[in-house]
Amino acid sequence: MSSKVIIFDTTLRDGEQALQASLSVKEKLQIALSLEKCGIDIIEVGFPISSPGDFKSVQTISKKIKNSKICSLARCVEKDIEVAGDAMSSSDFFRIHIFLATSTLHMESKLRKNFNEIIDMSVSSVKKALRYTDDVEFSCEDASRTTMDNLCRIVEKLIKSGVKTINIPDTVGYAIPNELSNIIKNLFERVPNIHKSIISVHCHNDLGMAVGNSISAIQAGARQIEGTINGMGERAGNTALEEIIMAIKVREDILGVSTNIVHKEIYRTSQIISQICNMPIPANKAIVGSNAFSHSSGIHQDGVLKNRKNYEIMEPNTIGVKEVKLNLTSRSGRAAVKYYMDKMGYKDHDYDIDELYSAFLKLADKKGQVFDYDLEALAFFSKKQENAEYFYLKFFSVQSISNGLSTASVKLKCGKKVYTESSTTSNGPVDAIYQALNKIINFPITLQKFQLVAKGKGKDALGQVDILVKYENRQFHGIGLATDIIESSAQAMIDVLNNIWKSQQVNKKLKNLKKY
Ligand SMILES: CC(=O)SCCNC(=O)CCNC(=O)[C@H](O)C(C)(C)COP(=O)(O)OP(=O)(O)OC[C@H]1O[C@@H](n2cnc3c(N)ncnc32)[C@H](O)[C@@H]1OP(=O)(O)O
Ligand SMILES: CC(C)C(=O)C(=O)O
Ligand SMILES: [Mg+2]
């Protein structure tokens, strides 16, 4: 049996079924290109009979993708198979994926057919598909609720009729790991021609077991895993491919298999797909969540700083994550505070760690998250200076008109003086207000992240804006909270400006100290 597991991605088909609005041709192509770069073996790009738009995207993607195999879905319906073959005709090698339900429940109450009719429909559809390609996959939909006798019977017939890949879907996410691996083992034991095909599984996550089920299927002999990036898909989603891929890599000692994936592309691919599909990734999502490689509690941070392996089972840069984050919160200890001070170039004798740590705890309890520049301010500012905000927004007004132009005016208090400026742009009111502020401050800053979330429900919910800005090779965070989202955007920028200003004052103070 091969030690390679084929990775079959269905983000553009099963994943897209979960979206509130279908993707455009351009968006689908962008996703397909990133999956190809990630080394995905087979990309299921659509279900071309379902709409002219889907046909067009399958056609477009088929012309562009060269290093992954393209695949399209079809029912056991002649027209579906014909349309799938036509849509992919410009690809040098492609797969047609046919499916038909085999469980008694689906046969009786959905398809209204008996099992003999199901076998006939399946075998004749395979024959039709073989006219377009020699690579035909067949899925016995709802296989995990199909009787073992029926499953063995139909699988044998399908392999005989030329199917190269037999897929065993857990369509409704009902199976548990031991059960799915028994189904695969039974197929290997009871179907005489089973070794002429590759056995695949396609799991759904209704009970949160899609990845566990897929892994147990690999252990029982499955050599193709179907799933989606970030686990997107019908209802609770599909097997999250990034989790399977990394489980295979990290637990090679037990699983003894590998994939063709370019691991360093995983994080990037996940981010692209999340953004295009407008499906945010939960912070605690395995592998690709923003917390997956960050450490928050003091004991873990201390352990990681002594030896990363204490709390990291894989290196973040394996999947393309550049930085491990140690969050500075009131759960952090001295080790993390010292780590950030070291990182900024301060030596132990520059500050008193016990004093700094107790000031840090007070600030962390008040502010939630603390950043490196906050530590600097705590270590080198007097109490009075530390709490003083240098910049303060006294007034703003914004006008957006339908030809696309936005004008913003601001009145900003800078220390003891007040300045007024305005700016007009075609990039919307937030950009207009940011430009007006920067006309006054004139800091060479680059906005790296802008995130707006509603805190609460309804029209009067508070809008929280979090921004990340780069200034002279350092990153500064800012938060703004107001019911008016333009105001919260402006407040977030002013928070950043105050943080930069404080850090400049620390630098000035340290330079002056060095003179003596
Ligand atoms: C488990 C899965 O994920 S399967 C894939 C699910 N994906 C989708 O359904 C997305 C795309 N679907 C569509 O665009 C449409 O449903 C279409 C174009 C496929 C069909 O549209 P319609 O012809 O209007 O049929 P509708 O969706 O209402 O019903 C599905 C029909 O397909 C039949 N059918 C379902 N599966 C199969 C199959 N594998 N082979 C043959 N017929 C099937 C159903 O029995 C039903 O037939 P009926 O109308 O004679 O009762
Ligand atoms: C079409 C098949 C493979 C499917 O998506 C399922 O059974 O979940
Ligand atoms: Mg599915």
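Here is a short chat about a predicted model of a protein and its two ligand shells.

User: UniProt has a "binding site" feature here. What is the largest C-alpha distance among its residues?

Analyst: The unreviewed UniProt entry puts that feature at Asp14, His202, His204 and Asn238. Those positions are spread over 225 residues of sequence, yet they cluster in space. The largest C-alpha distance among them is 10.3 Å.

User: Take His202 from that set. Is His202 buried or exposed?

Analyst: His202 sits in strand E7, which covers residues 198–203. Beyond residues up to four places away in sequence, His202 touches Ser139, Asn167, Pro169 and Glu226. The cut-off for burial is 20 or more other C-beta atoms within 10 Å. His202 has 28 C-beta neighbours inside 10 Å, so His202 counts as buried.

User: And Asn238, how many other C-beta atoms lie within 10 Å?

Analyst: Asn238 lies in the loop between strand E8 (224–227) and helix H10 (241–250). Leaving aside neighbours within four places in sequence, the contacts of Asn238 include Asp14 and His204, two residues that UniProt also lists under "binding site". Asn238 is buried, and the count of other C-beta atoms within 10 Å is 32.

User: On to the ligands. Which elements give two or more residues to the shell around ligand 2?

Analyst: The residues around ligand 2 are Asp14, Phe99, Ser139, Glu141, Asn167, Pro169, Thr171, His202 and His204. By class they divide into 2 nonpolar, 5 polar and 2 charged. The elements giving two or more residues are strand E5 (136–141) and strand E6 (165–170).

User: What about ligand 1, which residues come nearest?

Analyst: The shell around ligand 1 has 7 nonpolar, 3 polar and 5 charged residues. Strand E4 (94–101) and helix H5 (104–111) each supply at least two residues of that shell. Of the 15 residues around ligand 1, those that come nearest are Ser50, Arg75, Cys76, Phe99 and Leu100.

User: Back to helix H10 for a moment. How far apart in space are Ile244 and Thr259, C-alpha to C-alpha?

Analyst: Ile244 has its place in helix H10 and counts as buried, with 24 C-beta neighbours inside 10 Å. Not counting residues up to four places away in sequence, Ile244 touches Val211, Ser214, Ile225, Gly227 and Thr239. Ile244 and Thr259 are 15 residues apart in sequence, and their C-alpha atoms are apart in space by 9.9 Å.

Terms used: Residues are numbered from 1 along each chain as its sequence is written. Chains are lettered from A and ligands numbered from 1 in the order in which they are written. This is a predicted model: local features need pLDDT of at least 70, side-chain atom pairs count only at pLDDT 80 or more; totals for chains, interfaces and linings use all residues. UniProt positions are given in the numbering used here, feature names are shortened, and annotations may be inferred rather than shown by experiment. Helices (H or I, at least four residues) and strands (E, at least two) are DSSP runs, numbered from the N terminus. A residue is buried if 20 or more other C-beta atoms lie within 10 Å of its own, exposed if 12 or fewer, and partly exposed in between; C-beta atoms are placed from the backbone. Two residues are in contact if their C-beta atoms, placed from the backbone, lie within 7 Å. A residue is near a molecule or strand if its C-beta atom, placed from the backbone, lies within 6 Å of it. Ala, Val, Leu, Ile, Met, Phe, Trp, Tyr, Cys and Pro count as nonpolar, Asp, Glu, Lys and Arg as charged, and the others, Gly among them, as polar.
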